[in-house]
Amino acid sequence: MSDTRRAVLDALTDSVVSGPALAEELGVSRAAVWKQIEALRNEGFVVESTDDGYEVTRVPEYGGSAVEFGLDAPVCIEYHDRLGSTNDRARELAAEGTADVAVLADEQTGGRGRLSREWTAPSGGVWLSLVLRPSRPPAHVPLFTLAAAVATTRAAREAGVPAEIKWPNDVLVRSADEDGADNNEEDEGDGGADNDDVPARGGRKLAGILTEIEGEADRVSWLVVGVGVNANVDAASLPAGATSIRGEADDVERRLFVQRLVEEFYALRDDPDAVLPAWREYSATLGRRVRVETPGGVVEGEAVDVVHPGALVVDTDDGEVTVHAGDCEHLRPA
Ligand code: BT5
């Protein structure tokens, strides 16, 4: 998207503006403004020309400009109806030197999870990859993944889904029989998929995050944070153990859902000290017995804390162990 188009969109967000005023404000010709208005109309916006100027009276349901309209974050959206993987496209953009772009697709045909696992991504979901170039060491990258999990959880809760985070970055909805040590009363909802054989125990998976980086020892060159949220999709079209917003609550306006998610993520990017406290607040893992498969072996015990930059502290029979990466399973209380 051109800077002019974004500036026109931003100017139209909360006011009626005349073409000449807009041209002057943006330092472009009236013809250039008119061209952008026509482009927005072609994308499905209804832009009325009133005596006072242009007024947006209808925003398309989904798409790049639709998400950017009213978005309070410094991000451009590149939208595709269909894509192999938004992370792959984001990696291309990152390699070209881009930053603060989000690749968004309605459907992915080659979605990826961690460790080359498949990610099912039918039409109706939210498949999003953010390109960032933070001046941080690679060791701090997990903080961005945690921030994405917090942002996703907040957006899901606003959509009426009691989402929680399983370490490190699965966003899930606990099953009634998964309430563990703390007997959380929000756990009665058991809609969505039939989950008698949940593969990653701990609840029904609503969203997953895949973070990829390129960098040197002391500096990240680029970071791609891929977020997949099962939004307006039938749980039946997802793998066993998955759920969707549609399965737990009502369908969401994806345009607004993506805005909330991206805005929350950028707010946390700008306030990194807020990430861990927020993550702890939404955690389904802390206080639970867990079994973590790490590259160095299995760690089992009670999850007692998450510490910078996103490591899990597990109280085991042999004392506290800090785990930096691995697959985590929630165990039923002994
Ligand atoms: C993840 O991997 O949870 C990270 C998923 C990231 C997906 C996003 S979508 C936008 C961006 N573009 C991409 O290509 N990827 C990112 P992992 O923890 O490895 O979980 C993968 C496992 O979850 C699979 O092996 C399945 O068991 C399960 N799974 C696959 N699709 C699912 C879905 N839609 N919902 C819930 N679980 C799913």
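User: Is aspartate 327 buried, partly exposed or exposed, and what is its relative accessible area?

Analyst: First off, this is a predicted model. The way to read burial is through relative accessible area, where under 20% counts as buried and over 50% as exposed. Aspartate 327 comes out at 30%, so it's partly exposed.

User: Which side chain does aspartate 327 meet in a salt bridge?

Analyst: The general idea goes like this: side chains of opposite charge can pair when their charged atoms come close. Here, the side chain of aspartate 327 meets that of arginine 114, at 2.8 Å from N to O. Arginine 114 sits in the loop between strand 4 and strand 5 (126-132), while aspartate 327 belongs to strand 14 (residues 327-331), so the pair ties together parts 213 residues apart in sequence. Arginine 114 is partly exposed too, with a relative accessible area of 25%.

User: How many salt bridges does a search of the whole structure find?

Analyst: It turns up 29. One of them joins the side chains of aspartate 100 and arginine 269, at 3.6 Å from N to O. That pair links distant parts of the chain, 169 residues apart: aspartate 100 is in the loop between helix 5 (86-95) and strand 4 (101-108), and arginine 269 is in helix 8 (residues 254-269). Aspartate 100 has a relative accessible area of 24%, so call it partly exposed. Arginine 269 is partly exposed at 29%.

User: What else does arginine 269 form a salt bridge with?

Analyst: Aspartate 270, with the closest N and O atoms 3.0 Å apart. Aspartate 270 is exposed, because its relative accessible area of 54% is over the 50% cut-off.

User: Which residues are linked in a network of salt bridges?

Analyst: Look for Arg154, Glu158, Arg260, Glu263 and Glu264.

User: Now strands. Which way do strand 11 and strand 12 run, and how many bridges join them?

Analyst: To read a strand pairing, count the bridges, check the direction, then look at the turn. Strand 11 (residues 297-307) and strand 12 run antiparallel, joined by five bridges.

User: What happens on the strand 13 side of strand 12?

Analyst: Five bridges join strand 12 to strand 13 (residues 319-323), again antiparallel. Aspartate 315 stands opposite glutamate 320 in strand 13, and this hairpin has two residues between its strands.

User: How many residues of strand 12 are buried?

Analyst: Five of the six, so strand 12 (residues 311-316) is mostly covered, buried being under 20% relative accessible area.

Methods. Residues numbered from 1 in each chain as written. Predicted model: local features only at pLDDT ≥ 70, side-chain atom pairs only at ≥ 80, totals over all residues. Heavy atoms only, no water. Buried < 20%, exposed > 50% of the residue type's maximum accessible area, 1.4 Å probe, protein only. Helix = DSSP H or I, 4+ residues; strand = E, 2+ residues; numbered from the N terminus. Pairing = 2+ DSSP bridges. Salt bridge = Lys/Arg side-chain N within 4 Å of Asp/Glu carboxyl O.
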